[in-house]
Number of protein chains: 2
Amino acid sequence: MNYSKQRSLILSILSSSEGHLTADEVYNKAREVNERISLGTVYRNLNALSEVGEIRRINIPGANTIFDKNAHKHLHFRCIKCGKIQDLSGESIDKIVDNFEQKTGNKVYSNDIVLNGLCKNCKTGENCVKA
Amino acid sequence: MNYSKQRSLILSILSSSEGHLTADEVYNKAREVNERISLGTVYRNLNALSEVGEIRRINIPGANTIFDKNAHKHLHFRCIKCGKIQDLSGESIDKIVDNFEQKTGNKVYSNDIVLNGLCKNCKTGENCVKA
DNA sequence: CCCAAAATAATAATGATTACTGATTTATCA
DNA sequence: TGATAAATCAGTAATCATTATTATTTTGGG
């Protein structure tokens, strides 16, 4: 795969971010550098990069799809109040998957897992930016 | 909540189904009984019923949202070839959730979990209807 | 340097879902 | 039972994220 200026910019924006961005967030950050970049380019490259495994595309039920610089983490937590996404590092559902495969004969290739709840800040009432 | 004819019909369609239906599938089945029912009514009632916990609304990444008559099952498997959805009954990720809550101080209320892979039939090459 | 393949910007199209509107049904209670 | 307010409806328009299209530009290998 070629790495055009736009593709490199998009990857670097995601890499230097705290973690998870929506396509629109990437688009807005990209326009600060290249004001002519188009939203279609952002989508095309985010999808291309996730297809080759450089980043991960994560569907968040009830919210916009996010793109994650870490291609290998799989479990996420979403605060229902502030919307922030956190990773569950180190956790794995291998045992559940193994058990399911043995019982059913199905083969599992990937998983989409999102836990929903209140983050520490929103729980205690501290101010938590973002809708 | 009131149970209008339309709402009851929608609930009974889901209850008598094998398990998971999209809004459009519910709409088509509903029109067989009441040819004047509108798609908006189907959406409104599916959402209303899932909000009070009578059914469950499940986001399937890369596919249409489905509505599940079983309000309490949480884990699902989706075949990437035929698109069929299966339940993972009896499985639970309580341990992972407990661990995450203790480590982070967050509170988890619900989870959305979809495993993706090949079902037994598609794996062995048997004919598997549906896209 | 040239040329085919890949990538781009800009815009149109798509498709699921929600919002709106005015009409109809249902619940409540005097 | 009859009136009145609240809930729900059908039909349609609007929204919003995402993808497709197209004509143009960039790029890397020979």
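**Notes on the protein–DNA contacts**

1. A polar side-chain atom of A:Y43 sits 2.4 Å from a phosphate oxygen of DNA strand D; a polar contact here is a pair of N or O atoms within 3.5 Å. Please keep in mind that this is a predicted model, in which local features need pLDDT of at least 70, side-chain atom pairs count only at pLDDT 80 or more, and totals for chains, interfaces and linings use all residues. Side-chain values use heavy atoms, with hydrogens and water left out.

2. Chain B also reaches the phosphates of DNA strand D: the distance to a phosphate oxygen is 2.3 Å for a polar side-chain atom of B:T41 and 2.9 Å for one of B:R7.

3. Around DNA strand D there are 18 residues, and the nearest are A:Y43, B:S4, B:Q6, B:T41 and B:R44; a residue is near a strand if one of its heavy atoms lies within 4 Å of it. Of the atoms of DNA strand D that come within 4 Å of the protein, 84% belong to sugar and phosphate.

4. Sugar and phosphate make up 82% of the atoms of DNA strand C that come within 4 Å of the protein.

Methods:
Residues are numbered from 1 along each chain as its sequence is written. Chains are lettered from A and ligands numbered from 1 in the order in which they are written. A polar contact is a pair of N or O atoms within 3.5 Å; within protein, one must be able to donate a hydrogen and the other to accept it, and residues adjacent in sequence count only if both atoms are side-chain atoms.
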